[in-house]
Amino acid sequence: GAKAIAEALRVNTTLTTLHLGYNEIGDDGAKAIAEALRGNTTLTTLYWRDNKIGVDGVKAIAEALLVNTTLTSLALGRNKIGADGAKVIAEALRFNTTLTTLNLGG
């Protein structure tokens with residue numbers, strides 16, 4: 001599932017929007033996709049609503065936001081990131097210069 005998507009994102013040069021909502025990706029899937037986001041240069045919108053992503057997964061996403069220069073919209077609502085995860089994302093936003101839309105709402 002998520003690991004196959006991550007592999008595709010590493011080489012795809014045309015996809016701009018990816019909706020992965022309600023797929024129970026979890027932390028491991030989030031980590032795999034976040035790693036792919038580090039080098040992806042076309043994806044601008046990523047929708048991850050309700051995927052059981054916790055703090056470990058959101059840490060990987062935040063790390064990707066530090067180096068990704070194309071993602072402009074990120075939706076992480078209805079996950080399990082909690083206050084600690086929100087803090088990690090907030091810290092990454094201090095350095096990210098491309099993300100313009102962030103949805104953490106339930």
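Predicted model: local features only at pLDDT ≥ 70, side-chain atom pairs only at ≥ 80, totals over all residues.
Student: Why are helix 3 and helix 4 called roughly parallel to each other?

Tutor: Their axes pack at about 5°, 9 Å apart. The cut-off is under 35 degrees. Helix 3 and helix 4 are therefore roughly parallel.

Student: Which residues make that contact between helix 3 and helix 4?

Tutor: Helix 3 brings Val-55, Val-58, Lys-59, Ile-61, Ala-62, Leu-65 and Leu-66. Helix 4 answers with Asp-84, Gly-85, Val-88, Ile-89 and Ala-92. By class, nine are nonpolar, one is polar and two are charged.

Student: What makes helix 1 roughly parallel to helix 2?

Tutor: The axes of helix 1 (residues 2–11) and helix 2 (residues 26–37) cross at roughly 0° and come within 8 Å. That angle makes the pair roughly parallel, because the limit is under 35 degrees.

Student: Which residues of helix 1 and helix 2 meet?

Tutor: From helix 1, Ala-2, Lys-3, Ile-5, Ala-6, Leu-9 and Arg-10. From helix 2, Gly-29, Ala-32, Ile-33, Glu-35 and Ala-36. This contact has seven nonpolar, one polar and three charged residues.

Student: How do you know that the span of helix 3 agrees with its 13 residues?

Tutor: At 1.5 Å a residue, residues 55–67 should span 18 Å. The end C-alpha atoms lie 19 Å apart, so the two values agree.

Student: Which residues of helix 3 are called buried?

Tutor: Buried means under 20% relative accessible area. Gly-57, Val-58, Ala-60, Ile-61, Ala-62, Ala-64 and Leu-65 are the buried residues. They pack against helix 2, strand 3 (73–75) and helix 4 (82–93).

Conventions:
Residues numbered from 1 in each chain as written. Heavy atoms only, no water. Axes fitted to C-alpha atoms, helices over the stretch in contact; angles between N-to-C directions. Helix = DSSP H or I, 4+ residues; strand = E, 2+ residues; numbered from the N terminus. Parallel < 35°, antiparallel > 145°, perpendicular 65-115°, else oblique. Contact = heavy atoms within 4.5 Å. Nonpolar A, V, L, I, M, F, W, Y, C, P; charged D, E, K, R; others polar. Expected span 1.5 Å × (residues − 1). Buried < 20%, exposed > 50% of the residue type's maximum accessible area, 1.4 Å probe, protein only.
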